[in-house]
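Subject: Structure for your review

Dear colleague,

Please find the structure below, together with its sequence. My notes on what was found in it follow.

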Amino acid sequence: MIVRFNGTLNFPSIYRGPPSPQIDAAWYKISRDVRPTQMTLEEMHKAGETDLRSKVRYPDKIGGGFMVSMEVTHQLHCLNFLRKASWMEYYEPIESGFQDSPQVVRMHLDHCIEMIRQNIMCNADVTMITWDWVKGHKVPYPNFNTRHQCRNFEKILDWGMKHAVHIDKSEVTRLEDTIDLPSPLRRDA
């Protein structure tokens, strides 16, 4: 679908402004961790996954398959975490992500910045921004109200909810030949 972004600097949006229960609810709706779904062995191979010995597997009683989740919810979680960090005086006492040591909070923030950077560069939006002469400005001003080809985000969220696996993570299967990957934390950091 074609969507015209509203890039006006002070455009009101339910996703921006000082912290409030309404803004937090809007962000929660789009960035909550949608329950994982499942992928078959064939789908995992099509996705380029070949070494599956460390992957989390669901029990056969619910159809087996591997635990997966959509990257979009992680990216929105990261953006929401950065938003909250910009209102640290409000969120620090109540946000669990800010209760860790300062080093872990910094690592989480840097991780989120890096994930969003990689996604922006991977998807490299080449929509052209025009520049206009604007009353009161002596130099041209960018018009961020641009048209974009977008996916239907509500349908994506609905698909994720419809295909969610509703079992406790403790019920997932650990096969005999399962291996543990090394910790994702660098030891020299």
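Which cysteines form a disulfide, and how far apart are their sulfur atoms? The pair is Cys-78 and Cys-112, with 2.5 Å between the sulfur atoms. Before the details, two remarks on the source are in order. This is a predicted model, in which local features need pLDDT of at least 70 and side-chain atom pairs count only at pLDDT 80 or more, while totals for chains, interfaces and linings use all residues. Residues are numbered from 1 along each chain as its sequence is written, and side-chain values use heavy atoms, with hydrogens and water left out.

The cysteines

A disulfide is here a pair of cysteine sulfur atoms within 2.5 Å, and a search of the whole structure finds one.

Cys-122 is exposed, with a relative accessible area of 62%, whereas Cys-150 is partly exposed, at 23%.

The largest pocket

The largest pocket holds about 1,900 Å³ of space. It is lined by 34 residues, of which Phe-5, Val-72, Leu-76, Cys-150 and Phe-153 are the closest to its centre. On a 1 Å grid over the protein atoms alone, a pocket is an open set of points where a 1.4 Å probe fits, with protein on both sides within 12 Å along at least five of seven lines; lining residues have an atom within 4 Å of a point. Grid points are joined across faces, edges and corners, and the volume is the space filled by probe spheres set on the points.

Helix α3 (71-85) is among the elements that supply at least two lining residues each, as are β1 (2-4), α1 (21-31), α5 (102-123), β6 (147-149) and α6 (153-162). The most comes from α3, with six residues. By class, the lining has 18 nonpolar, nine polar and seven charged residues. Here Ala, Val, Leu, Ile, Met, Phe, Trp, Tyr, Cys and Pro count as nonpolar, Asp, Glu, Lys and Arg as charged, and the others, Gly among them, as polar.

Individual residues

Asn-80 is also in helix α3 and counts as buried, at 7% relative accessibility. Its side chain is joined to that of Arg-83 by a polar contact of 2.8 Å. A polar contact is a pair of N or O atoms within 3.5 Å; within protein, one must be able to donate a hydrogen and the other to accept it, and residues adjacent in sequence count only if both atoms are side-chain atoms. Not counting residues up to four places away in sequence, Asn-80 touches Trp-27 and Ser-31, where contact means heavy atoms within 4.5 Å.

Thr-146, in the loop between β5 (141-143) and β6, is buried with a relative accessible area of 9%. The side chains of Thr-146 and His-148 make a polar contact of 2.7 Å. With residues up to four places away in sequence left out, Thr-146 touches Val-3, Arg-4, Phe-5, Thr-127, Met-128 and Ile-129.

Arg-151 is located in the loop between β6 and α6 and is exposed, at 71% relative accessibility.

Finally, Ala-124 lies in the loop between α5 and β4 (130-132). Phi of Ala-124 is near 20°, a positive value in a residue other than glycine, and Ala-124 is partly exposed, with a relative accessible area of 42%.

With kind regards

Methods: Helices (H or I, at least four residues) and strands (E, at least two) are DSSP runs, numbered from the N terminus. Buried means under 20% relative accessible area, exposed over 50%, partly exposed in between (1.4 Å probe, protein chains only).
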